Amino acid sequence: MSQIEAVKEKLRVIRILRLLKKSYTYEELSRITGLPITVLNRYVRGKVLPSTKRAKELIEILSPYVNLEEEVRKRIVFDKHGLFDNLKILSDTDLMSLIAENVASKYMEIDIDKILTAATDGIPLAVHIGNELGVDVVYAKKKKEVGVEKFYEVNYVSSSSGSVMTLYLPSWAIKKGDKVLIVDDVVRSGETQRALIEMCRQATATPVGMFFLISAGNAIDRIKEEYNIPVEVMVRL
C-alpha cells in the first residue's frame, strides 16, 4: 500500500466515524470498536489519525454498520405534496465522500477523462467523485457563460414546464475521444441526462457510465435501453 492509499484509508475511517456519530453515541461506538471514548472523540474531531493497522481494523469492524443507501433514504425530506428535498444529502460532506469513494471504485479501471453534470445540484456529487478519481469536473448550464466563444448546445422539452430548455457547455470542456462519466443527484424524466449524452456525441466523446443518487420513476430504465450505457442509481423512489 502506498503512502497516499494509507492516508486515504485513515481519512475514510474518520468519515465513517463522523457519519456513524450522527446515529450512535460515543458510548455505543466504544462498545462496537473496543476503543476508549476519548480516542474516538479525537478521531471524530480530526485531532489525530489512526495508525495504518488500526485503520484497517476499524474499517473491518465499522463497515457492516454503514449502509449508504439507507443513509441517503433517511435524509430525503418529503413535503405534503410528495415532492422531496435532498439538501440534507448534498450538504453532508462525510456521506458524499463515502458515496464518491464507492462510485469511484467501480470506474478506476476505465481511465475516466471527465465527469459531466448539469448545474446546479449535480455539482457537489460530481466534484466529490472527481476528487476520488483525480479527474476534472465540467458542467452544463442553462445560460451561456460570458467570455466563452464556442459551446455545445442542446435543446430539449421539459416535461415539468412544457417549454423548450437549452443546456450550454463550453466546447473546450470535453474533447474528442474523452471517456465521460455522467453524474447527477436526481433523475426524473431523463431529459437533462439525454441532453448530456447528446453533448458527448457532439464532442465525439464516449459516455461510459451514468450515476445518480436518486431516481424518481423509471426513466433510468429507458435511458439504459435507449443508449446501452451502464446506469447506476443508489435509491429508487
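**A helix and what comes after**

A word on the labels: helices (H or I, at least four residues) and strands (E, at least two) are DSSP runs, numbered from the N terminus.

This is a predicted model, where local features need pLDDT of at least 70, side-chain atom pairs count only at pLDDT 80 or more, and totals for chains, interfaces and linings use all residues. Residues are numbered from 1 along each chain as its sequence is written, and side-chain values use heavy atoms, with hydrogens and water left out.

Back to N228. It sits in the loop between α10 (219-227) and β9 (231-236). Is N228 buried or exposed? Exposed, at 69% relative accessibility. Buried means under 20% relative accessible area, exposed over 50%, partly exposed in between (1.4 Å probe, protein chains only).

Now α10 itself. Which of its residues are buried? A219, I220, I223 and Y227. They cover an arc of only 95 degrees around the axis, so they lie on the same side of α10. That arc is taken from the directions from the helix axis to the C-beta atoms. Their cover includes β7 (179-187), α9 (191-202), β8 (206-215) and β9.

Next, two more backbone spots. Most residues other than glycine have a negative phi, and most peptide bonds are trans. D111 has a positive phi, near 60 degrees. D111 is in the loop between α7 (93-105) and β3, and is exposed, with a relative accessible area of 55%.

Last one. A cis peptide bond joins A119 and T120, with omega about 10 degrees. T120 is in the loop between β3 (114-118) and α8 (122-133).

How values were computed:
Contact = heavy atoms within 4.5 Å.
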